[in-house]
Amino acid sequence: MDLIKLVNQEYLKTDRPDFKAGDRVTVYYKIKEGAKERIQQFQGDVIQQRNTGIDATFTVRKISNGVGVERIFPLHSPNIDKIELNKVGKVRRARIFYLRGLTGKAARITEKRQKK
């Protein structure tokens, strides 16, 4: 059991920001198309985080042309170039799936006020 943790430890990324459900993030994801490689941005609200360690994932939801799009990213994937925290949201749930049923202004997440 300790051997597995030891092997996984070298693959864990430490440059990821601390974020939680309700936060707005921009994920810069490397995409390989044939011999070319480019970085694509995916900006949206984090609706959940799952697991810990090497198999940790998070789900980001955005509205694209009036259609809700969700994407699940592995937190420690080598294909993620960087994660940028844009806004800190104020929610009272760890998994905010209720956003799927909301549209327009009701689907907005209030921003958490920072202490000065």
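# Reading the terms on this model

Analyst: In this predicted model, buried residues make up 27% of the 116 residues in the protein chain, where buried means under 20% relative accessible area, exposed means over 50%, and partly exposed covers what lies in between, all with a 1.4 Å probe and protein chains only. Residues are numbered from 1 along each chain as its sequence is written, and because the model is predicted, local features need pLDDT of at least 70 and side-chain atom pairs count only at pLDDT 80 or more, while totals for chains, interfaces and linings use all residues. Side-chain values use heavy atoms, with hydrogens and water left out.

User: How many helices and strands are there in the protein chain, and what pattern do they follow along the sequence?

Analyst: The protein chain holds 1 helix and 5 strands, and when read along the sequence they give the pattern α-β-β-β-β-β. Both kinds of element are DSSP runs numbered from the N terminus, a helix being H or I over at least four residues and a strand being E over at least two. The C-alpha trace of the chain spans about 45 × 35 × 30 Å along its principal axes.

User: In what order do the strands stand in the sheet, and why is one side of β4 and of β5 left without a neighbour?

Analyst: The 5 strands form an open sheet in the order β4-β3-β2-β1-β5, with antiparallel pairing. β4 (67–74) and β5 (80–87) stand at the edges, where each has a single partner strand, so one side of each has no neighbour in the sheet.

User: How do you know that β2 pairs with β3, and how many bridges join β3 and β4?

Analyst: Two strands pair if DSSP finds at least two bridges between them. Strand β2 (residues 36–50) and strand β3 (residues 57–64) run antiparallel and are joined by 5 bridges, while β3 and β4 pair in the antiparallel sense over 8 bridges. Along these pairings, Gln49 stands opposite Phe58 in β3, and Thr59 stands opposite Ile72 in β4.

User: Why does Asp45 count as buried, and which residues does Asp45 touch?

Analyst: Asp45, which lies in strand β2, has 12% relative accessibility and therefore counts as buried. Contact means heavy atoms within 4.5 Å, and Asp45 touches Asp23, Arg24, Thr59, Val60, Arg61 and Ile109, leaving aside residues up to four places away in sequence.

User: What joins the side chains of Thr26 and Asn86?

Analyst: A polar contact of 2.7 Å joins the two side chains; the term covers a pair of N or O atoms within 3.5 Å, where within protein one must be able to donate a hydrogen and the other to accept it, and residues adjacent in sequence count only if both atoms are side-chain atoms. Thr26 has its place in strand β1 (residues 24–33), and at 4% relative accessibility Thr26 counts as buried.

User: Is Asn65 buried or exposed, and what is the phi of Asn65?

Analyst: Asn65 has a relative accessible area of 80% and is therefore exposed. Its phi is near 55°, a positive value in a residue other than glycine, and Asn65 is found in the loop between β3 and β4. Most residues other than glycine have a negative phi. Asn51, in the loop between β2 and β3, also has a positive phi, near 60°, and at 52% Asn51 is exposed.
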